[in-house]
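Please look at the structure shown here.

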Amino acid sequence: MFNTDTLNALRRLLLAMADDHLIIGHRNSEWTGLGPILEEDIAFSSIAQDKIGHALGLYSILNEQLGEADPDTLAFMRNETDFTSCQLVEFPIGEYDFSLVRHLLFDVAALIRFEDASHSAYDPLAKLARKVKGEIKYHVFHASTFVKQLGQGNEESKARMQSAFNQNMALALGMFESFEGEALLVQQGIYKGEAAIRTAWLGEISAILQEAGLQMPDVDKLEPVYGGRKGFHTEFLQPLLDEMTEVFRIDPAAEW
Amino acid sequence: MVNLTTDTQAIWDAIATVMDPEIPVLSVVDLGIITDVQITEEGAVQVRMTPTFSGCPAIKLMEKQVHDAVAALGFEQVQVETNFDVTWSSNRISEKGREIIKNFGLAPPPKYNDQPDMKLLEHTACPYCNSSNTTLKTPFGPTLCRSMHYCYDCLQAFEQFKPI
């Protein structure tokens with residue numbers, strides 16, 4: 001029902017979304033045992049678990065409907081340059097302020113993506129998205145609650161939140177890097193398109209920042225950090241993949 | 001010889017003996033994750049399930065337990081498949097299931113129209129004393145489906161099976 005060019009664009013879209021969720025999921029899991037308070041330890045760990053579930057759902061569509069390798073192979077056996085995740089997600093967790101703000105910027109975009117995808121003309125994606133969007137709503141609720149509280153906390157918390165936004169914003173704009181065949185997906189009602197998602201995202205992020213009493217960085221003056229969707233990554237991705245695949249490389253048949 | 005009506009009921013009854021591993025008194029049927037049971041004239045059974053959360057770690061275990069419960073009735077061909085054709089929401093939990101969740105010490109998820117409002121979480125009724133003088137401590141808990149709350153009246157921390 002879709003032609004080859006459309007299917008290839010669909011593969012690119014699903015792979016980029018899946019890789020983003022796998023990598024941010026892994027990063028979020030690095031807070032397990034290290035959260036600044038117990039509740040945040042649990043929150044980041046729970047969100048990580050959801051993200052890996054979302055990645056699995058997307059990889060499963062690629063495998064079952066579009067003839068790609070099985071999810072474990074896609075997640076654990078590709079080279080760094082085959083990953084099309086944006087660079088935002090691969091950065092180390094840093095301090096809690098950096099991770100919290102990245103979590104907000106990522107999840108607001110993810111919610112817009114999946115809410116739109118729940119009406120996608122590509123049925124397997126629509127079905128998955130109807131499930132996933134309800135979960136991401138909790139992620140956005142979590143992130144925005146804390147950002148607002150810290151933005152309105154004391155001088156230090158406010159300054160750290162602001163600096164985390166300034167640090168993250170150019171990276172976050174890289175989430176909306178256009179990919180080959182994207183226009184075909186938009187034309188056929190499969191996907192909203194990066195430009196439209198970016199516009200909706202900017203609106204939501206500004207509103208949250210305003211409520212938090214923080215300044216929206218001037219995005220027109222920022223150079224979005226692109227490259228991830230084409231397989232260009234920072235020095236941080238390979239070590240993450242090495243760690244993520246360590247057990248799999250030692251024993252591909254390991255069960256737990 | 002297959003009797004479609006009585007056998008289908010027997011299969012549902014068998015599946016209802018499988019419990020949610022995270023709330024081991026709540027059956028997968030009352031949880032609302034069993035979306036379809038089909039049996040052919042030849043006696044092949046197909047059960048369809050939908051996950052509560054897409055990252056639910058217990059789904060493979062529940063698939064196997066459902067399979068084994070149906071196979072124990074004597075059916076030789078049993079297929080259990082999990083997919084997203086029917087979207088699970090907490091509204092799918094039965095009335096009996098809500099009662100069981102409450103007796104287990106968790107606040108049951110409030111029913112909602114269209115989509116859950118996060119404000120629903122702020123004054124969840126305490127499962128111990130029914131007071132609504134409560135606060136949300138965090139939307140994430142010991143399992144993916146739970147949030148954590150505190151009751152100002154009976155001074156107890158409690159968990160909710162959250163609306164989703």
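Q: What makes chain B a chain of two domains, and where do their bounds lie?
A: Chain B is divided into domain 1 (4–88) and domain 2 (105–161); such bounds come from an automatic or database domain assignment. The C-alpha centres of domain 1 of chain B and domain 2 of chain B are 29 Å apart. The model is predicted, so local features need pLDDT of at least 70 and side-chain atom pairs count only at pLDDT 80 or more, whereas totals for chains, interfaces and linings use all residues. Residues are numbered from 1 along each chain as its sequence is written, and chains are lettered from A and ligands numbered from 1 in the order in which they are written.

Q: Why is B:I11 called buried?
A: A residue is buried if 20 or more other C-beta atoms lie within 10 Å of its own, exposed if 12 or fewer, and partly exposed in between, with C-beta atoms placed from the backbone. B:I11 has 22 other C-beta atoms within 10 Å and is therefore buried.

Q: Which residues are in contact with B:I11, leaving aside its neighbours within four places in sequence?
A: They are B:V37, B:I39, B:V45, B:V70 and B:L73. Contact requires that the C-beta atoms of two residues, placed from the backbone, lie within 7 Å. B:I11 itself is found in helix α1 of chain B; helices (H or I, at least four residues) and strands (E, at least two) are DSSP runs, numbered from the N terminus.

Q: How do you know that β3(B) and strand β4 of chain B pair?
A: Two strands pair if DSSP finds at least two bridges between them. β3(B) and strand β4 (residues 45–49) of chain B have 5 bridges, in the antiparallel sense, and B:V37 has B:V47 as its bridge partner in β4(B).

Q: Why do β3 and β5 of chain B stand at the edges?
A: The open sheet has 3 strands in the order β3-β4-β5 (chain B), with mixed pairing. β3 (34–39) and β5 (78–82) of chain B each have a single partner strand, so one side of each is left without a neighbour in the sheet. The twist averages 15 degrees from one strand to the next.

Q: What makes strand β6 and strand β9 of chain B a pair?
A: Strand β6 (residues 106–107) and strand β9 (residues 156–161) of chain B pair in the parallel sense over 2 bridges, and at least two are required. Strand β8 (residues 146–151) of chain B pairs with β9(B) in the antiparallel sense over 6 bridges. B:Q160 in β9(B) is the bridge partner of B:A107, and B:Q160 is also the bridge partner of B:S147.

Q: How is the packing of helix α6 and helix α9 of chain A described?
A: Two packed helices are described by the angle between their axes and the distance between the axes. Axes are lines fitted to C-alpha atoms, for helices over the stretch in contact, and angles run from 0 to 180 degrees between N-to-C directions. Helix α6 (residues 123–151) and helix α9 (residues 194–212) of chain A pack at about 40 degrees, with their axes 8 Å apart. In this contact, A:S144, A:V147, A:K148 and A:G151 in α6(A) meet A:I208, A:E211 and A:A212 in α9(A).

Q: How many residues of chain B are in contact with chain A?
A: 15 residues of chain B are in contact with 20 residues of chain A.
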